[in-house]
Amino acid sequence: MASVYIAGAGGRVGRAAAAQAGAVGLDVAASPDAAAAWLIALPRTVVEADLAHWTTARDVAVVDLSGAFKARGVGSYALLADDRRVWSGEPVGAGRLFANPGCIAGAVIAGLAHSGLRAHVTGGVHVTAVTAGSAAKASTRGTVRTGHLWWTHPHVAEIEQALGLACASFVPVVDYGLTTGIVATISGTASAEALALPADAGDAIDVAQVQHTAAVRWHRRVRAHPTLGVTFTLVVALDNLVFPAANAVAVAAAWLTARGRR
Ligand SMILES: NC(=O)c1ccc[n+]([C@@H]2O[C@H](COP(=O)([O-])OP(=O)(O)OC[C@H]3O[C@@H](n4cnc5c(N)ncnc54)[C@H](OP(=O)(O)O)[C@@H]3O)[C@@H](O)[C@H]2O)c1
């Protein structure tokens, strides 16, 4: 059986990745030397402190969930476009180093793509994301509070680079009463062509429907406003731990298959 090594396997994302690996028939190796693919679920600063260790390894795929590869411009942006291609359209097997999507950015980027709105947005997107306490640093506590980073949040750069759209606003809100899950609201203005889309479409949104799953649920509304023009609001829900973990495992599995290693 093909094996993956998970750096940070004992953490929240690491445990979700191990469960996802098991679900697709990948063994989780105790040692990096015994694995053909590595998943990094460590704090970003820990990865950045020894980036060469993770990037110059031997013939293994490395999927970074920490954000370090994105921050340093390493590898392919590995939000899966389908089961064989990363976001750029490049086949998974063509690369070796992969920057996994963040949870909030993943919700915004995948939501705009899945809902059909991506091609119609005309200005910057406004993003407000309510995340479970498990999306915040394990050391932080609270009730329902705003995150500390707004425009400087690393997910802003991720959204802007992946979509080619400016983030007009970005407000992360942490709900410590919620164990897992994200509900992100994205809004802005759109071209007149967006009016051809059904004005009210998509899924009912309740975070309970995505908890412990890799699913992305979205609900889209579009309207012609008398002074603002065409405006849209999109609400997206996913599990902040399982969605990125499942994506990373799917990238590793696709790479192993493409390279004939499983
Ligand atoms: N939480 C989310 O929603 C989410 C979503 C997507 C991506 N991420 C990213 O995924 C990474 C892990 O997040 P997490 O929420 O799983 O964090 P976590 O629960 O705090 O887990 C961090 C893991 O890293 C290990 N670790 C910490 N410092 C280390 C060091 N100096 N050397 C070796 N191992 C060390 C921890 O081991 P010990 O417990 O033994 O210290 C633990 O296994 C972060 O970069 C985060 O930004 C998080």
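How many bridges join β11 to strand β12, and in which sense do the two strands run? Three bridges join β11 to β12 (residues 217-225), and the two run antiparallel. Within this pairing, G202 has H219 of β12 as its bridge partner. Two strands are taken to pair if DSSP finds at least two bridges between them.

The model is predicted: local features need pLDDT of at least 70, side-chain atom pairs count only at pLDDT 80 or more, and totals for chains, interfaces and linings use all residues. Residues are numbered from 1 along each chain as its sequence is written.

The chain contains seven helices and 13 strands, both being DSSP runs numbered from the N terminus (helices: H or I, at least four residues; strands: E, at least two). Its radius of gyration is 18 Å, close to the 18 Å that the globule rule gives for 262 residues, so the chain is as compact as a globular protein of that length. The radius is taken over C-alpha atoms, and the rule is 2.2 Å times the number of residues to the power 0.38. Along the principal axes, the C-alpha trace spans about 60 × 40 × 30 Å. Of the 262 residues, 45% are buried (20 or more other C-beta atoms within 10 Å of the residue's own, C-beta atoms being placed from the backbone). Among contacts between residues at least 6 apart in sequence, 74% join residues at least 24 apart; a contact requires C-beta atoms, placed from the backbone, to lie within 7 Å.

Strands of a sheet pair through backbone hydrogen bonds, either parallel or antiparallel. Strand β7 (residues 125-132) runs parallel to β9 (residues 167-175), to which eight bridges join it; V127 stands opposite F170 in β9. β8 pairs with β9 in the antiparallel sense over three bridges, and V144 has D175 of β9 as its bridge partner.

How values were computed. A residue is buried if 20 or more other C-beta atoms lie within 10 Å of its own, exposed if 12 or fewer, and partly exposed in between; C-beta atoms are placed from the backbone. Two residues are in contact if their C-beta atoms, placed from the backbone, lie within 7 Å.
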